[in-house]
Amino acid sequence: MGNEASMQAGRSRKLVTLALLLSTFLAAIEVTVVSTAMPKIVADLGGLSLISWVYAAYLLTTAISTPLFGKLADLYGRKNIFIIGSALFVGGSMLCGLSGTMTQMIIFRALQGIGAGAVMPVTFTMVADIYTYEERAKIQGLFSSIWGIAGLVGPLVGGFFVDSLSWHWIFYFNVPFGIVSVWMIMVCFHEKVERKDKPVDYAGAATFSIGMTAFLFAIITGGQGIAWNSPWMFALFGIAAVFLALFFRIEVKAKEPMVPLKLFRIRDIGVSNLVSFLASAIVMGISSYMPLWTQGVLGHNASSSGLALTPMSIGWLIGSIIGGRMLIKIGARVTSTLGMILIVIASIWLATISGTTPLIMIVIIMSLSGLGFGLSFTVFTVIVQSSVDWSMRGASTALNTFVRSLGQMLGIAAFGTFLNASIASMVSDAGPDVSSRVSNEDLSKLLNPESASSLSPDLMGTLRSFLETGLGQVFLLMAIIAVACLVCMLFMPKSTNSGKSSGQDKASSPSH
């Protein structure tokens, strides 16, 4: 009977792992699929200036909901939160596919982000609950490699849907797999949660939402929709400052804070989260703007732009697998630093490319960056989980996911503003003859090979030159951030062992 029960538990654990891998795959593939299809979406729905909001809305709601759901998972159990998050994510995906305007797309992406904010941290927390430290290092490598696999499949699937069917199908793709994942968790994952009457930090969530939304709106519209010296801009920054200050004050005093700031006192967690924040901005920048480079500067279709991201995805897959093994053998500090060195090399190299750069060079650059991300992010996930006990594991994992989402969100907002300002400056400097012929609609047409053919050859050449220069400046900014990441890695404790011998890291939760 004992062997039978053990075998049954083993089968259940494998099925739970499979379901979690599937949900991770859906969240991961969403990044590359949307990035590949975004030029076509912009060409169909219009509004190149709104492209940052399509990403920012998703990332903002993910950042807001991630720590909130992470705390709820600690209080009320992982299973319920996972199911709720999956339902929101799948529902948001369906609505995104039905969008008829950029405004609708932005709203539904925000809903989808709320679901992702529940699914991602709870997924990694559930993995930490059912595996020991030694098992977890390998399993987390497997989960991190899913991002590489999704990155490999996503551009191909996205390119196929966009070129052969419609961009709407990149969102419908999530629905059946999301339903299967939820069903498997409902049937196979069992937990006993000790119900505690603890307050949920709604005040923190509300103040963060208002403050960060005002801040993002100011950054994205600054110099475009609203002048930087406008009273409205000062008002937006004022609102952001007041509510974010209130947010930090609330977090310091709250019994159950949305963002447990005390975790930053643990040096391993503090450094890991800081580097995760900065590196996530680079990931988002490459994923978002390499397709724009491929389609806008080189003039290729969506399938080709998807293939441009493939080397990074393959490198990420390899780096994740190797990183999980290296973590056990040589430690977190050396593994993550090696990953960051590769990211720095790739980012600096990327900042030097031009419209005549050989394809093989871009392939090498993307492969190196993917390998670096795979090595570093795998390590950071294990560190933040293993540095606390079970009762704080959900919050710690959610905090890491939160800072990653925050990094992606602020990164895409800053890069988008930087790109728009650069192009606007170049158009203005080119003189009235050029500025009178260039519009946002023309730039949107440039991103679709079919509509680009309607542009005159000289105008197309001018627009591509502007886009190439603007994107080159964005890539240079990414390289600077990558160097900052490497500098931050110097503060990682040499003795980092991810809590392996701390006595806190248990393989199982109270339910196992």
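Predicted model: local features only at pLDDT ≥ 70, side-chain atom pairs only at ≥ 80, totals over all residues.
On the surface of this structure, Ile348, Val483, Val487, Leu490 and Phe491 form a nonpolar patch, and together these residues have about 470 Å² of accessible area.

**The surface patch**
- Ile348, one of the residues of the nonpolar patch, is placed in helix α12, which covers residues 332-350.
- With a relative accessible area of 43%, Ile348 is partly exposed, because that class lies between the buried limit of under 20% and the exposed limit of over 50%.

**Thr207 and its surroundings**
- Thr207 lies in helix α8, made of residues 202-221, and its relative accessible area of 9% makes Thr207 buried.
- The side chain of Thr207 reaches two backbone oxygens, that of Ala203 at 2.9 Å and that of Gly204 at 3.1 Å.
- Leaving aside residues up to four places away in sequence, Thr207 touches Phe243, Leu246, Phe247 and Ile250.

**Aromatic rings**
- The structure holds eight aromatic pairs, among them Phe373 and Phe377, whose ring centres are 6.0 Å apart and whose planes meet at 20°, so this pair is stacked.
- Both Phe373 and Phe377 belong to helix α13 (residues 359-386), where they are four residues apart, about one turn of the helix.
- Phe373 counts as buried at 0% relative accessibility, and Phe377 also counts as buried, at 5%.
- One aromatic cluster is formed by Trp316, Phe373, Phe377 and Phe380.

Key
Residues numbered from 1 in each chain as written. Heavy atoms only, no water. Patch = residues over 30% accessible without salt bridge, like charges linked within 9 Å, V, L, I, M, F, W, Y side chains within 5 Å. Areas by Shrake-Rupley, 256 points an atom, 1.4 Å probe, with all protein chains shown as cover. Salt bridge = Lys/Arg side-chain N within 4 Å of Asp/Glu carboxyl O. Helix = DSSP H or I, 4+ residues; strand = E, 2+ residues; numbered from the N terminus. Buried < 20%, exposed > 50% of the residue type's maximum accessible area, 1.4 Å probe, protein only. Polar contact = N/O pair within 3.5 Å; in protein donor to acceptor, adjacent residues only side chain to side chain. Contact = heavy atoms within 4.5 Å. Phe/Tyr/Trp six-rings, centres within 6.5 Å; stacked < 30°, edge-to-face > 60°.
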